[in-house]
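Hi,

Here is the structure you asked about. Please open it first, then read the notes below.

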Amino acid sequence: MPDNTLQLLTKGYAWLPDLSRRNGPGPVRTRLLGKPVVALRGPAAVGFFYDEDHVRRRTALPEPVLSTLFGKGAVHTLDGEEHRQRKALFVRVLKDTEGVAGLARHVEREWERSAKEWTGRSQVTLFDEVSLLITRAVCTWAGVPLPEHPDDEARRTARDLVAMVDGFATAGPRHWKARRARQRQEGRLARLVEDLRSTGGEASDGDGRPPSVVGAVALHRDADGELLDPRTAAVEILNILRPTVAVTWYTVFGAHALHRNPGLRERLAAREEGYARAFAHEVRRFYPFAPFVAGLAPADIEWHGEPIPEGAMVLLDLYGQNHDPELWNSPYVFDPDRFDGREPGRDELVPQGGGEVSEGHRCPGEDVTLAVLSTLLPHLARLDYDVPQQDLRITLHRMPTRPRSGFVITGVR
């Protein structure tokens, strides 16, 4: 069986769907970095993949991904009761600390502030500015200070959070930039956690209010009853900040979709009930973000009679499933109406993974993604601007990809 590592690096998102088309029905078998790989897709495969009797995550994530995207000791690396206990922290803070709706309000205020400022500029690179405004919003909501010169600190933080996402699936300069960004932000947030614990801070003021996100993480006790060490606490704070800022990718993809489909703008701008959410679902389905998720088979197992040996890497093909013609009519047509009046099935639309949020590995920030997108996209549709000539290609070999130009707009009014 040939090793496909080089093909993955050169083909990117198209690699696994292409293998699936050539392979025909059933799992795809190949090798990556010398390790046997079995790749699955489809709603039934999602349920199989997220069953811990079939697939474990603890040792599946390679060191380069941990040192850039997730962080060492992150919730993504845990299984069983350890994972459930740590996951409960994320579910709790998204419910208690103003909740997802509170975060969306912060994002909306930052958009309004930013859009006013854009009117005085000759051009705006939407990717850079959206990442900045989301960084301001999520740091304010989470209780992460941006001291002294707030805009300068916010820009530095935004660049670091973007870098962690942008460099996880590559080698070379982007990867090393991501590592340095993570080291900076982990150190800064670990010091913040230590300060909160040493002073008592707002996390223990006893007035009945829920603590901030930072306070909740600082006081969290793991399955062993112990506080997280400051560096691991910093990792988990970043696992709230970073995925929220990653919504920048989807927001700019939304701008790309409106540019390619201008007839959709009026309906989105009108804030027709449910349409912004349908549009957000379709952005997440249509545009590429995560190509797949991976785990390891803990024992010899079977998928529909097909053997999967112990230690094999099991991939769940997210991009392929979101473009599978067996699931989606005209999958390469951008059509928000496919979600108009209906929510997708739990294991049907899987841009951020599948399974259950509370017990499994599904991203608890999926509600954040939808709330932020449903807030920003109607504002984007109502914004009056010009799109000058530029390179708006979205290349599938770059992971994560985005419009090459970052989506430049001019004449904001």
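At 44% relative accessibility, E343 counts as partly exposed. Bear in mind that this is a predicted model. E343 lies in the loop between helix 15 (318-321) and helix 16 (366-382). Setting aside neighbours within four places in sequence, E343 is in contact with R277 and H281. From E343 to P325 is 18 residues in sequence, and 18 Å in space, C-alpha to C-alpha.

**Helix 14 and helix 16**

Helix 14 covers residues 275-286, and its axis comes within 9 Å of the axis of helix 16. The two axes cross at roughly 115 degrees. This crossing is right-handed. On the helix 14 side, the contact uses A276, R277, F279, A280, H281 and R284. They meet E366, T369, L370, L373, S374, L377 and P378 in helix 16. By class, that contact has seven nonpolar, three polar and three charged residues.

**Helix 4**

Is helix 4 mostly covered or mostly open? Mostly covered: six of its eight residues are buried. The buried ones are V65, L66, S67, T68, L69 and F70. Just after helix 4, G71 takes a positive phi of about 95 degrees.

Helix 4 (residues 63-70) also packs against helix 9 (residues 173-199). Their axes come within 8 Å and cross at roughly 55 degrees. The angle makes helix 4 oblique to helix 9. Helix 4 passes helix 9 in a left-handed crossing. From helix 4, the contact takes in E63, P64, L66, S67, T68, L69 and F70. From helix 9, it takes in H175, A178, R179 and R182. Sorted by class, this contact of helix 4 with helix 9 has five nonpolar, three polar and three charged residues.

**Helix 9 and helix 11**

Which way does helix 9 run relative to helix 11? The axes of helix 9 and helix 11 (residues 230-245) come within 8 Å and cross at roughly 115 degrees. That makes helix 9 roughly perpendicular to helix 11. Their crossing is right-handed. Helix 9 brings R182, Q183, Q185, E186, G187, L189, A190, V193, E194 and R197 to the contact. Helix 11 brings P230, R231, A233, A234, V235, I237, L238, L241 and R242. These residues divide into 10 nonpolar, three polar and six charged. R182 is worth a look: this helix 9 residue is part of the contact with helix 4 and part of the contact with helix 11.

**Helix 12**

Helix 12 is mostly covered, with 12 of its 14 residues buried. The buried residues are V247, T248, W249, Y250, T251, V252, F253, G254, A255, H256, A257 and L258. What span should helix 12 have? At 1.5 Å a residue, the 14 residues of helix 12 (residues 247-260) should span 20 Å. The end C-alpha atoms are 20 Å apart, which agrees.

Best wishes

Note on methods. Residues are numbered from 1 along each chain as its sequence is written. This is a predicted model: local features need pLDDT of at least 70, side-chain atom pairs count only at pLDDT 80 or more; totals for chains, interfaces and linings use all residues. Side-chain values use heavy atoms; hydrogens and water are left out. Helices (H or I, at least four residues) and strands (E, at least two) are DSSP runs, numbered from the N terminus. The expected span of a helix is 1.5 Å times one less than its number of residues. Buried means under 20% relative accessible area, exposed over 50%, partly exposed in between (1.4 Å probe, protein chains only). Axes are lines fitted to C-alpha atoms, for helices over the stretch in contact, and angles run from 0 to 180 degrees between N-to-C directions. Angles under 35 degrees count as roughly parallel, over 145 as roughly antiparallel, 65 to 115 as roughly perpendicular and the rest as oblique. A crossing is left-handed if the near helix is turned anticlockwise from the far one by less than a right angle, and right-handed if clockwise. Contact means heavy atoms within 4.5 Å. Ala, Val, Leu, Ile, Met, Phe, Trp, Tyr, Cys and Pro count as nonpolar, Asp, Glu, Lys and Arg as charged, and the others, Gly among them, as polar.
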